[in-house]
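Here is my note on this model, point by point. Please read it with the structure open.

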Amino acid sequence: MQHRKIGNVMTTDVATVTESTPFKDIVQLLDRRRISAVPVLDTTGRVIGVVSQADLLPTQQAQQPTESRWPWHRRRRTRAHGTTAGQLMSTPAITIAPDATIIDAAKLLDHHTIKRLPVVNADGQLVGIVSRRDLLGVFLRTDNDIAQEIAREVFQRNLDTVVNPATVTIEVHDGVVSLHGQLQRRSQIPIAEALTHRVDGVVTVHSNLTYEHDDTHLHVPDSMVVDITHEH
């Protein structure tokens, strides 16, 4: 099973700035494009940072400076006096490759508590951007599309040697999958359920699968056990 790649869901029309882009121009760009952050590029198109609304807001707070004994407060005030993207940006930028999966992106966004990831090639040059909204787009897949992928990838491709897809009924409603039918062996059921969960767009899985043979308690005769500690 393979999740969708970032290159398939990313946005390629990306608003960007350079290190020398003035504060006001950044604000206007964010407002005009209705976005909350922009990648900062060097002269070769490589991503060197990101400027977000959170990076810009401290400038407003700096208009009423107050003394603080906390070092991190002083660092924020120093940064708040920046006037260009290069002085205001968060760096290094957290990026992702176009051949990474949407699961990889979701983990990065969650771990770093950010809303978007610049997508870069092997040279670090910007090729797109992916946001939480882009990742959630997989849940816009039609129920029929999801059902066809489950039938093709789960039962025909991954379990083709032991499962006849005709014996299984796949029902999908608003991303909720219901599996009905009988498999040959009991051990196949958790495999089918796990693979179905991994299909992009699946919200949850309800399994009503049964089995013909219980192979979970097979006894291996002593004569078939090889003593790997014995040296010949």
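**Notes on the predicted model**

1. Start with the loop between α5 (85–88) and α6 (102–112), where proline 92 has its place. The model is a predicted one. A cis peptide bond links threonine 91 to proline 92, with omega at about 0°.

2. Two backbone angles deserve a look. Arginine 34 has phi near 55°, a positive value in a residue that is not glycine. The loop between α2 (23–33) and β2 (37–41) holds arginine 34. Arginine 34 counts as exposed because its relative accessibility is 78%, and the cut-off is over 50%. Aspartate 174 also has a positive phi, near 55°, and is likewise a residue other than glycine. Aspartate 174 is located in the loop between β6 and β7. Its relative accessibility is 58%, so aspartate 174 counts as exposed.

3. Next, the sheet that contains β6 and β7. This open sheet has three strands, ordered β6-β7-β8, and its pairing is mixed. β6 (168–173) and β8 are the edge strands, each pairing on one side only. From one strand to the next, the twist averages 10°. Six bridges pair β6 with β7 in the antiparallel sense. Within that pairing, isoleucine 170 has leucine 179 in β7 as its bridge partner.

4. The other pairing in this sheet is parallel: strand β7 (residues 176–185) and strand β8 (residues 204–213) are joined by nine bridges. Between the two strands, the chain passes through helix α9 (residues 188–197), and this β-α-β crossover is right-handed. Valine 177 is set opposite valine 205 in β8.

5. Another open sheet has three strands in the order β1-β2-β3, again with mixed pairing. Its edge strands are β1 (17–18) and β3 (47–52), each of which pairs on one side only. β2 and β3 run antiparallel and are joined by five bridges. The bridge partner of alanine 37 is serine 52 in β3.

6. On to charge pairing. The whole structure contains eight salt bridges. One of them joins the side chains of aspartate 13 and arginine 33, at 3.5 Å from N to O. Aspartate 13 is in the loop between α1 (6–9) and β1, while arginine 33 is in helix α2, so the pair ties together parts that are 20 residues apart in sequence. Aspartate 13 is exposed, at 55% relative accessibility. Arginine 33 is partly exposed, at 33%.

7. How far apart are the closest N and O atoms in the salt bridge of aspartate 145 with arginine 141? They are 3.0 Å apart. Aspartate 145 is partly exposed, at 29% relative accessibility. Arginine 141 has a relative accessible area of 12%, so this residue counts as buried under the 20% cut-off.

8. Glutamate 153 and arginine 152 also meet through their side chains in a salt bridge, at 3.3 Å from N to O. Glutamate 153 is buried, with 15% relative accessible area, whereas arginine 152 is partly exposed at 41%.

9. Last, the surface. Leu136, Phe139 and Val203 make a nonpolar patch of about 300 Å². Phenylalanine 139 belongs to the loop between α7 (132–136) and α8 (143–158). Phenylalanine 139 counts as partly exposed, at 44% relative accessibility.

Conventions
Residues numbered from 1 in each chain as written. Predicted model: local features only at pLDDT ≥ 70, side-chain atom pairs only at ≥ 80, totals over all residues. Heavy atoms only, no water. Patch = residues over 30% accessible without salt bridge, like charges linked within 9 Å, V, L, I, M, F, W, Y side chains within 5 Å. Areas by Shrake-Rupley, 256 points an atom, 1.4 Å probe, with all protein chains shown as cover. Salt bridge = Lys/Arg side-chain N within 4 Å of Asp/Glu carboxyl O. Helix = DSSP H or I, 4+ residues; strand = E, 2+ residues; numbered from the N terminus. Buried < 20%, exposed > 50% of the residue type's maximum accessible area, 1.4 Å probe, protein only. Pairing = 2+ DSSP bridges. Right-handed = clockwise from strand over helix to strand, strands pointing away. Axes fitted to C-alpha atoms, helices over the stretch in contact; angles between N-to-C directions.
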